[in-house]
Amino acid sequence: MRLSHITKRFGANVAVDDVSLDFAPGEIVGLVGENGAGKTTLMSIAAGELVADDGTIEDRVAVGVVHQHFLLVSEFTIAENLALSFRAADAPVGAEDGEESPAGSRPPAVSAGDSSPRFAPPGLRRLGMTSPATVRRNAEEIIRESGIELRDVNRRVADLSVGEKAKLELIKAIARHPRVLILDEPTSVLAPTEARELFDVMRRLAAAGTTVIFISHKIPEVLEVATRIVVMRRGRIVVDGGTMSATELAEAMVQRRSDVRRSDSPVRPLVNTPRHLNSGPGSAGRTGESDLRIAGLSIHPGEIVAIIGVAGNGQSELAVSLRESLRGRVAHIPEDRARDGLVAEMTIAENIALAERRWRPRAAAERAAALIERFNIRAQSPLQRAGSLSGGNQQKVILARELERHPEIIVAAEPTRGLDIEATRFVHDELRAAAARGAAILLITSDLDEAFALGGAIHVIYRGMLSPRLTPDEAAVRAPQLMAGVG
Amino acid sequence: MRARRLLIAVAAAFSAVALLALSGLAFGHGELLSILISGSVGSTFALEGTLLKSVPLLLTGLSVAIAFRAGVWNIGGEGQFLAGALGAFLGARYGMIAALAASLIAGALWASIASALRLWRNAPEVLTTILLNFIAIHLLGYAVNGPLQEASGKYPQSDLASASLPAIGELHAGIALAIVAAIAAWFLLYRTAEGLRLRASGFNRSAAKWAGVNVDAQLVRAMAISGSMAGLAGGIELLGVTHRLFERFAAGYGYAGIAVALLAQLHPLGTIASAFFFGALTTGAGELQRTAGISSTVATFGQAIVILIMIALTRRKTA
């Protein structure tokens with residue numbers, strides 16, 4: 001299978017930018033990159049789930065995908081779930097002739113006469129009926145063929161462990177005998193032993209001639225299992241090769257952006273009257289992998305401390321725990337702007353006034369108008385619904401509201417994600433100005449450039465744990481390894 | 001925007017009446033519409049009846065509007081109405097004002113059981129408020145068959161309450177109280193900072209939380225205010241109209257409040273017009289039963305039609 005010059009845009013955002021890639025049978029390809037690098041988009045195009053804006057796919061073959069999120073009916077048993085997912089393949093040949101889908105959008109129904117799963121004796125099947133015993137027997141057969149161990153097909157999916165659910169998804173995909181199998185972050189929910197088991201299955205499939213594509217941002221795993229490594233960054237392939245060291249790989253994943261200037265107005269840490277942002281050991285929620293253990297994180301007034309790391313290592317949990325625990329004049333810039341940033345149904349004026357003690361509609365509108373002016377928000381009126389603003393302008397409204405609290409502490413999570421260069425610069429300038437006014441700022445970001453541009457000190461977060469406090473110079477050397485968990 | 005919403009409400013109300021009239025024609029009761037109108041607003045007597053019916057509807061409508069605005073699904077108006085009536089009856093021995101205050105407090109407390117369960121065990125208030133309705137109904141049934149039964153012990157009803165609302169003829173002061181309550185609710189929702197936060201929690205709990213709103217406190221407050229409105233409705237009904245407690249005291253006012261609030265699009269001032277419309281529908285339906293022998297359940301049909309139309313016209317987001 002060969003992808004050539006694939007491009008995919010979402011609005012103004014180019015998710016995949018002129019990518020060409022071909023796969024050989026028997027390869028295990030580790031596809032790595034930061035969140036938003038375009039990995040999943042590219043693979044959705046390969047699987048036919050998305051249509052590319054540009055580019056072609058040659059030699060299409062049957063592609064199987066195991067998604068990051070389970071597509072299982074939790075009230076059904078293992079056997080019933082397998083039966084459900086094979087209804088289409090089980091249909092009499094020719095039944096699907098009418099609906100022509102783009103090649104590869106669904107693995108072609110297995111050809112007649114092979115060992116394709118059959119969930120009902122022929123007579124019953126014609127009537128669309130089956131029997132529990134047949135469902136069970138066929139499920140057991142599918143599982144045996146897949147070579148993956150999953151006992152007792154009469155268990156309800158709701159009662160399975162995450163690892164077992166992941167296995168069931170994998171069995172579903174393998175049973176269709178795909179020539180290319182895409183696994184999207186399959187190990188994020190697995191225990192180490194389960195991951196090991198998965199790697200064995202991957203190796204066995206590859207040995208039998210299947211191409212296995214393994215999307216991940218866990219560097220050690222990729223190095224362990226992949227025979228070829230492809231690194232994506234900002235929609236492009238930046239590295240495509242065989243062997244790399246962990247450090248090389250980490251650097252390739254997170255290389256600097258050139259459009260952000262390094263700060264030339266350094267913030268001065270005030271050594272006296274330190275203000276501590278402490279959340280006790282284990283006090284915060286769980287991350288995907290381990291408990292969040294943040295202790296002794298401290299920020300002085302006027303200082304910006306950046307926390308960097310690959311997404312999913314506890315950043316969100318840290319932000320939430322700080323929201324719950326910090327008291328006083330604290331500003332929060334939430335990571336998930338669409339969900340947590342603004343009340344879309346309310347006006348800009350109302351959203352800004354949420355943080356205030358008083359609510360006088362006229363005064364609030366005037367104030368909002370002044371802030372719209374000062375923050376250069378593109379809005380028609382302070383009485384415009386916040387939800388009708390563009391993403392960047394919504395972020396400016398959040399910034400306006402939060403900075404107008406005259407905060408002593410600012411917790412800013414991914415404050416420039418998805419913003420254009422101009423808006424990004426604006427947000428950075430505002431954060432620097434707030435620091436200059438004496439605010440202690442915690443910047444949680446997955447953008448290394450941002451961390452180096454703003455941070456006077458840097459911590460790396462990995463599996464819910466913070467590295468020691470690093471100076472930017474130290475971080476420049478050590479961050480890639482620490483982010484990859486190999487430091 | 002505002003004009004559009006008004007238009008939707010008026011259209012829904014008109015289509016409900018039109019559908020009733022049409023079904024009247026279809027079943028050989030062409031006089032349905034004219035009786036409905038004359039029986040509700042056609043005479044001073046009819047208008048009085050409509051106003052009296054509108055008062056509890058206005059208050060239970062406000063109760064629902066405030067709760068729904070805060071994203072709190074209080075379906076327990078019926079139970080809170082009864083709790084308010086019971087409170088008013090007990091408070092009446094200390095005078096009319098005490099009785100009204102007791103009805104407010106009783107309604108608020110009854111509703112707060114649901115918010116406590118929500119905060120303590122995350123029990124959905126949609127369920128707990130409905131279940132509390134049943135408890136309240138049986139509690140009242142017990143009261144009027146037991147400790148509060150009339151001295152003669154004849155019927156399952158209480159003695160006359162020891163206080164009542166001042167009235168001119170049939171029209172009692174509760175009408176003014178209900179309108180004041182509507183204006184107060186509007187002021188609370190749209191002119192106070194707490195109202196702003198309450199609405200924000202209703203629209204987007206998560207964003208409100210990030211903006212520093214204590215959403216749990218808003219839940220408790222909204223539920224208590226909502227309950228007190230329904231409680232006041234029960235208190236006024238007791239002190240102004242029935243003067244006694246009896247078994248089927250609530251008569252569906254709590255549930256009807258949902259229709260009232262939806263037609264008003266959860267706006268407190270709109271609730272005044274909406275309650276009047278449903279009051280007229282109920283009164284007119286009573287007249288239909290008396291003069292044309294058409295079951296007064298047509299009022300319930302009317303309510304259901306309005307709710308369906310409003311939901312169809314205003315809900316566009318899919319889950």
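Predicted model: local features only at pLDDT ≥ 70, side-chain atom pairs only at ≥ 80, totals over all residues.
Two residues are in contact if their C-beta atoms, placed from the backbone, lie within 7 Å.

**The core**

Leaving aside residues up to four places away in sequence, A:Ile441 touches A:Ile299, A:Ile304, A:Ile410, A:Ala412, A:Leu431, A:Ala434 and A:Ala435. A:Ile441 is also one of the residues that touch the most other members of the largest nonpolar core, which has 235 residues. Others in that group include A:Ile182, A:Phe214 and B:Leu263. Helix H10 of chain B, residues 215–242, gives this core its largest share, twelve residues.

**A covered strand in chain A**

A:Ile182 belongs to strand E6 of chain A, along with A:Val180 and A:Asp184, which point the same way from the strand. A:Leu181 and A:Leu183 point the other way. In a regular strand the side chains alternate between the two faces of the sheet. Are the residues of E6(A) buried or exposed? Five of its five residues are buried, so the strand is mostly covered.

| Strand paired with E6(A) | Bridges | Sense | Residues standing opposite |
|---|---|---|---|
| E5(A), residues 63–66 | four | parallel | A:Val66 and A:Leu183 |
| E7(A), residues 211–216 | five | parallel | A:Thr211 and A:Val180 |

**A six-stranded sheet**

Chain A also holds an open sheet of six strands with mixed pairing, in the order E13-E14-E15-E12-E16-E17. Strands E13 (330–333) and E17 (465–466) stand at the edges with a single partner strand each, so one side of each has no neighbour in the sheet. Further in, E12 (residues 304–308) and E16 (residues 457–462) of chain A pair in the parallel sense over four bridges. There, A:Ile307 has A:His459 of E16(A) as its bridge partner. Helix H17 of chain A, residues 472–484, lies across E12 and E16 and runs at about 5 degrees to E16(A).

Now move to helix H6 of chain B, residues 125–145. Its 21 residues reach 30 Å from first C-alpha to last, close to the 30 Å expected at 1.5 Å a residue. Its buried residues include B:Glu125, B:Thr128, B:Leu132, B:Ala136 and B:Val144. The buried residues pack against helices H4 (77–91), H5 (96–121) and H11 (253–263) of chain B.

Methods
Residues numbered from 1 in each chain as written. Chains lettered and ligands numbered in written order. Core = buried A, V, L, I, M, F, W, Y, C linked by C-beta atoms within 7 Å. Buried ≥ 20, exposed ≤ 12 C-beta atoms within 10 Å, placed from the backbone. Helix = DSSP H or I, 4+ residues; strand = E, 2+ residues; numbered from the N terminus. Expected span 1.5 Å × (residues − 1). Pairing = 2+ DSSP bridges. Axes fitted to C-alpha atoms, helices over the stretch in contact; angles between N-to-C directions.
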